[in-house]
Amino acid sequence: MQNLINKPIHILGIGGIGAALGWALAQQGYTVILVDSDRNKVAEGKKHGVTVVALGAQVVPFVSFDDWIPPKEGFILLCTKTYDNPKVLARLPDDAFLVPVQNGFDPELDQRNHACEGIASFVSECQRDRPMTRITRPGSLHIGKRRPITDEEHVEIISLVLALGKAKLFPVEYVADIRPYKATKLMYNAAISPLAAAAGVDNGELLTDQLAKLLFFALLQENYAILQNAKISLARIGPFHPDTVSLILRTPWLPAVMAVFFRPSLRGTYCSMAPDMHVHHARTEIDAYTGHLVRLAGEFPCPLNRAVLALIMKITAEDLKPQYQHLQHLIDYLPEGIRS
């Protein structure tokens, strides 16, 4: 299990997750190379290292993606936004030990035969122009296989799990199958991110504002129904299994109780889609979130997801600013019994 210490670990994408993983590995003495397409962020990293707020900086090599050469051995942790995957995948050799740690589903990435993936339930918010991040919500990092693996691949995956967990920045858990965790994360992200990003609000406001809360709960229900219809297994992330969340949402009075319960965990956190919405001619991960669910649904009814997908595409295509009024366009797509 100690052979990993002698192998380079290349982390592509110095956002919240990439910065946190890089810091955790560097803090324990592993050979880490951080790679990003933002030359300003790379320059800042070369000067000051990668920082976790309140825990200090770790000095590691930083490389611009344009200058990056894929390693012949070691791990590549893919922590980019999914819309940046094509330019990364085009450069990777087929035998690269790739470990995506992303949200959403990318069809091109899914076609690769990589052994495992990671899913983070903690929230890490990185500054846009500096490799400095802060953990805004605690949670775990799940790492697990996505296909049958060899004994050698199993050893490598476990060595990565142990390495990431040593710093105790976040709990790291090896799971036998990562796919149910990835599907559950999608169920939540595809409800939180589009609404918070379109409205330009903190995630916690989805559980305080009445309209946002109605839309949030309705999306959770619709997302769950799509995944159930597609017979996709789900796993527990957080205090409740998705089956329990769905039952709560279908039980009178309990959603209000759940809102109070979850509000503290969302307050002060951000969705990763939000910063993209403020960029001219913005690109977002909406296709990897809501787009994936709509494709998965096929003929299965998903009116709210289709409306959310159209809304985000309109906002980005027309360079509109995020604002609460955007949510008003979704009212007609709520189930009739809960429209306000």
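Reader: How much space lies in the second largest pocket?

Author: Rolling a probe the size of a water molecule over the atoms shows where empty space is left. On a 1 Å grid over the protein atoms alone, a pocket is an open set of points with protein on both sides within 12 Å along at least five of seven lines. Here the second largest pocket holds about 310 Å³, a volume being the space filled by probe spheres (1.4 Å) set on the points. The model is predicted: local features need pLDDT of at least 70, side-chain atom pairs count only at pLDDT 80 or more, and totals for linings use all residues. Residues are numbered from 1 along each chain, and hydrogens and water are left out of side-chain values.

Reader: Which residues lie nearest the centre of this pocket?

Author: Lining residues have an atom within 4 Å of a point. There are 14 of them, with Leu214, Phe217, Leu249, Pro255 and Ile338 nearest the centre. Helix α7 (210-229) and helix α9 (254-266) each supply at least two, a helix being a DSSP run (H or I) of at least four residues. The most come from α7, which gives six.

Reader: In what order do the four strands of the open sheet stand?

Author: A strand is a DSSP run (E) of at least two residues, and two strands pair if DSSP finds at least two bridges between them. The order is β4-β3-β10-β9, with mixed pairing. Because β4 (56-58) and β9 (123-126) each have a single partner strand, one side of each lacks a neighbour in the sheet. Strands β3 (50-52) and β10 (132-137) pair in the parallel sense over two bridges.
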